[in-house]
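Visitor: I am new to this structure and would like to learn how to read it. Could you take me through it step by step?

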Amino acid sequence: MKILVAVKRVVDKDIKIRVKPDQSGVDLANVKMSMNPFDEIAVEEALRLREKGQATEVIAVSIGPAQAAETIRTALAMGADRGILVKSDTALEPLAVAKILKAIVDQEQPGLVILGKQAIDDDSNQTGQMLAALTGWPQGTFASKLTLEGSDVVVTREVDGGLQTVKLRGPAIVTTDLRLNEPRYASLPNIMKAKKKPIDEKTPDAYGVDVTPRLEVLKTIEPSSRQAGIKVGSVTELVGKLKEAGVI
Amino acid sequence: MDQRVTDTEMTMVPLGEDYPEIRAGVRAICDKYPGAYWRKLEKDDEYADDFVNELSASGYLGALIPEEYGGSGLPLRAGCVILEEIHYSGGSAAACHAQMYMMGTMLRHGSEEQKQRYLPGIAAGTIRFQAFGVTEPTTGSDTTQLKTRAVRQGDKYVVNGQKIWTSRAHKSDLMTLLVRTTALDQVKRRTDGLSVLLVDLRAVKSGLTMRRIETMINHQTNELFFDDLEVPVENLIGEEGQGFRYILDGMNAERILVSGEMLGDARYFIARASKYAGERVVFGNPIGKNQGIQFPIARAYAEWKAADMVTRAAAALFQAGKPCGEEANTAKLLASEAAWHAGEACMQTFGGFAAAKEFDIERKWREARVYQIAPISTNMILAYIGQHVLGMPRSY
């Protein structure tokens with residue numbers, strides 16, 4: 001069974017982002033970019049399934065600018081077998097990404113697609129669900145545990161108020177939550193080997209997908225900074241202030 | 001003037017952040033070993049076992065070992081980058097750098113049997129090759145005068161003598177040992193008659209006593225006493241009597257690699273100092289607004305840049321198989337001073353806080369100072385440049 005993993009190139013999680021002066025978006029010039037952390041978890045899970053002998057091949061797909069090849073290279077260094085880069089300089093929306101992934105799914109026929117539940121840049125949390133709708137496959141989102149039982153995929157989901165376990169009839173779509181696993185670091189020999197692994201380069205056109213944005217970003221602003229607090233002298237004063245603020 | 005530049009084949013020097021994926025990989029590991037880890041090691045006088053194990057398991061310590069022996073077969077420059085990133089992260093590679101340059105001695109001069117026997121284990125991290133016994137209490141840099149003698153008796157050498165500053169010997173599986181196999185009065189040149197033995201410390205039953213030396217830094221160093229230590233003849237590296245050349249041959253690699261560490265230290269100090277200078281407000285202004293604070297940091301940056309360029313040049317020449325003594329020595333001198341000046345600027349910028357151990361700066365500062373002494377002192381480098389590069393009379 002093949003596993004398809006989607007990996008996105010995003011601003012590194014440790015970078016303090018800055019909004020562009022014209023509010024059109026986030027300033028990406030000279031900013032360190034990395035693989036979306038949820039996607040690292042997806043790659044790790046796929047690799048573990050392959051190491052257990054439950055999968056034969058792990059394919060990493062990234063859709064984005066030419067530099068997204070680096071993100072695929074990271075996945076290959078972790079252990080993925082090959083990559084597919086769909087190059088696009090247009091800002092991509094989840095639906096366009098889901099359509100391209102659908103076309104790749106049709107071509108590659110994987111038994112399982114694992115995606116991050118969301119990317120840490122736009123926090124959309126839509127691509128996995130949209131891909132499930134487009135393929136008509138069952139979905140197990142926010143996975144904190146994943147096991148394969150024959151052709152069934154058993155997913156424990158992190159939902160509000162607890163955990164829910166669902167059994168999906170494969171092939172299926174799974175999106176990862178933080179607690180699914182702890183991704184490995186690529187070892188030096190694997191980093192070197194990854195340089196020789198193949199990455200197939202494609203364009204959205206090749207899959208017949210129109211990626212023209214359907215949404216318009218009106219503005220991007222920084223969260224307002226937190227106001228300084230005050231010190232109160234007594235419980236009575238505290239209660240008074242809370243009433244004043246209208247919170248009790 | 002420089003014969004090497006007239007070669008038809010140019011030697012290329014990479015600029016900027018070379019080997020970005022290796023740097024990122026090393027940083028990811030170093031992130032798990034923050035200042036608190038190194039402080040505790042020093043306080044408890046312990047060796048960085050966990051760090052070294054993880055670095056080995058991830059293949060970074062085998063970076064320079066050829067692929068056929070289980071390593072990654074990368075150029076010397078990649079080794080510099082690995083060591084640089086470790087030091088830039090606030091850690092220290094002193095616990096494990098030795099195998100990167102000693103591996104070269106084994107690779108170039110060892111027998112195929114020795115390489116097959118040890119290199120794959122070293123690459124995989126199952127064999128630690130961290131100790132290098134050269135210096136003796138009475139000889140220091142005057143290596144050819146060393147007193148440790150190895151006498152061949154049948155299929156073994158019997159070693160008697162003493163070594164000092166043999167760091168990590170008690171934590172290593174293998175040690176290279178430079179010994180005199182032919183007495184000084186029986187050789188034509190004083191550089192003849194020295195040999196390199198590979199001592200398998202795991203197999204040593206008797207004849208070797210180690211005594212730890214407490215130092216100002218956590219380099220885990222030792223004094224070694226040999227009293228009829230037996231080493232099998234098959235553990236001789238290369239030919240008997242040629243050892244001095246083999247060691248010299250590895251010294252350029254050592255200087256270039258260790259320069260990487262110093263450059264990492266310089267970057268660490270400069271990054272921390274410039275950040276703090278911009279944040280710390282005294283008398284209503286960030287202290288970095290004062291030229292007295294700002295300029296030493298800026299100067300250290302310029303010194304780091306120069307040292308970085310020469311280190312890259314040295315590594316490129318080494319890789320191309322061209323003579324690189326001048327660059328290797330110059331790199332080591334410039335890098336050690338850049339690191340020290342950056343450390344001084346950082347100490348001054350942090351003021352009293354620099355003395356607080358939890359800030360890690362005093363530890364890094366102590367560690368950075370050592371590089372002007374080891375692996376070779378600044379004066380010996382100046383003597384080399386004066387005599388061998390500029391053709392002046394030998395100064396010592």
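Guide: Gladly! Let us begin with one residue and its neighbours. Contact means heavy atoms within 4.5 Å. Leaving out residues up to four places away in sequence, Tyr60(B) touches Ala186(A), Leu188(A) and Ile191(A) in chain A, and Ile22(B), Gly25(B), Val26(B), Ile29(B), Leu55(B), Ile82(B) and Met100(B) in chain B. This is a predicted model, where local features need pLDDT of at least 70 and side-chain atom pairs count only at pLDDT 80 or more, while totals for chains, interfaces and linings use all residues. Residues are numbered from 1 along each chain as its sequence is written, chains are lettered from A and ligands numbered from 1 in the order in which they are written, and side-chain values use heavy atoms, with hydrogens and water left out.

Visitor: Which residues have the most contacts inside the largest nonpolar core?

Guide: A nonpolar core is a set of buried Ala, Val, Leu, Ile, Met, Phe, Trp, Tyr and Cys residues joined through side-chain atoms within 4.5 Å; buried means under 20% relative accessible area, with a 1.4 Å probe and protein chains only. Here the largest core has 101 residues, and Tyr60(B) is among those with the most contacts inside it, along with Leu112(A), Val153(A), Ile22(B), Phe51(B), Ile82(B) and Ile122(B). Apart from it lies another core of 28 residues, including Ala266(B) and Met347(B).

Visitor: How many residues does each chain bring to the contact between chain A and chain B?

Guide: Chain A brings nine residues and chain B 13 residues. Buried area is the accessible area (1.4 Å probe) that two parts lose on being put together, summed over both. For these chains that is about 890 Å², with 66% on carbon and sulfur atoms. Tyr185(A), Leu188(A) and Ile191(A) supply 58% of the area that chain A buries against chain B, more than any other three residues.

Visitor: What is the count of salt bridges between chain A and chain B?

Guide: A salt bridge is a side-chain nitrogen of Lys or Arg within 4 Å of a carboxyl oxygen of Asp or Glu. The count is one: Lys195(A) pairs with Glu21(B), their closest N and O atoms being 3.1 Å apart.

Visitor: Which domains does the assignment give for chain B?

Guide: The bounds come from an automatic or database domain assignment: domain 1 (15-128), domain 2 (131-241) and domain 3 (245-389). Three salt bridges cross the interface of domain 1 and domain 2 of chain B.

Key. Buried < 20%, exposed > 50% of the residue type's maximum accessible area, 1.4 Å probe, protein only.
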